[in-house]
Amino acid sequence: MNNEESVIPALNARRPAFLGMLGGRVVALDRDAGTCTMAFDISTDFCHSVDIIQGGFVTAMLDAAASHAAFALVDGVTALATLEIKVSFLEPSRAGVYRAVGIINRVGQSTAFLSAELYTDDGRLTAMATTTARLIRKKEVA
């Protein structure tokens, strides 16, 4: 098992309750690419207009994937706060199985620039986001 694979069970064990409600879990990490992939299984309980996922839940999936990329792949991060997020809804996201890929674009000491893409089970891109996040890192002991 590589280092990334050993982190996945820990991330899933500590996931917030809302991710469980959305059927969300981390399924892959790629340190070289700076990506975290999450799977989601969205029921019609999170939809309006019969089967169209409410935009706030789409945003939550994108934000979770981007945030998990930073938690998993940036050394020393203990907490993260999204400072801003811009979401583009490319087509309706309908109830079903999704893959969200969080991407680390650039990381500083206290700020990260992240993005995320949301794909249907058959590979269609339905939404994407860019985000700026504040990183909280563990204190160094002298």
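The model is a predicted one, in which local features need pLDDT of at least 70, side-chain atom pairs count only at pLDDT 80 or more, and totals for chains, interfaces and linings use all residues. Residues are numbered from 1 along each chain as its sequence is written, and side-chain values use heavy atoms, with hydrogens and water left out.

Strand β2 (residues 35–42) is joined to β6 by 8 bridges, and the two run antiparallel. Helices (H or I, at least four residues) and strands (E, at least two) are DSSP runs, numbered from the N terminus; two strands pair if DSSP finds at least two bridges between them. In general, strands of a sheet pair through backbone hydrogen bonds, either parallel or antiparallel. Here, 6 strands make up an open sheet with antiparallel pairing, in the order β1-β2-β6-β7-β8-β5. At its edges are β1 (25–30) and β5, each pairing on one side only. On average, neighbouring strands of this sheet are turned by 25° against each other, direction ignored. Helix α3 (residues 55–73) packs on the sheet and touches β1, β2, β5, β6, β7 (111–120) and β8 (125–137), its direction making about 140° with that of β5. Such angles run from 0 to 180 degrees between N-to-C directions, with axes as lines fitted to C-alpha atoms, for helices over the stretch in contact.

Ser-93 is found in the loop between β5 (77–89) and β6 (96–107). Ser-93 counts as buried because its relative accessibility is 4%; buried means under 20% relative accessible area, exposed over 50%, and partly exposed in between (1.4 Å probe, protein chains only). Leaving aside neighbours within four places in sequence, the residues in contact with Ser-93 (heavy atoms within 4.5 Å) are Asp-51, Ile-52, Ile-53, Val-58, Tyr-98, Leu-118 and Thr-126. With the side chain of Thr-126, the Ser-93 side chain makes a polar contact at 2.8 Å. A polar contact is a pair of N or O atoms within 3.5 Å; within protein, one must be able to donate a hydrogen and the other to accept it, and residues adjacent in sequence count only if both atoms are side-chain atoms.

Another loop, between β3 (47–48) and β4 (52–53), holds Ser-49. Phi of Ser-49 is near 50°, a positive value in a residue other than glycine, and Ser-49 counts as exposed because its relative accessibility is 51%.
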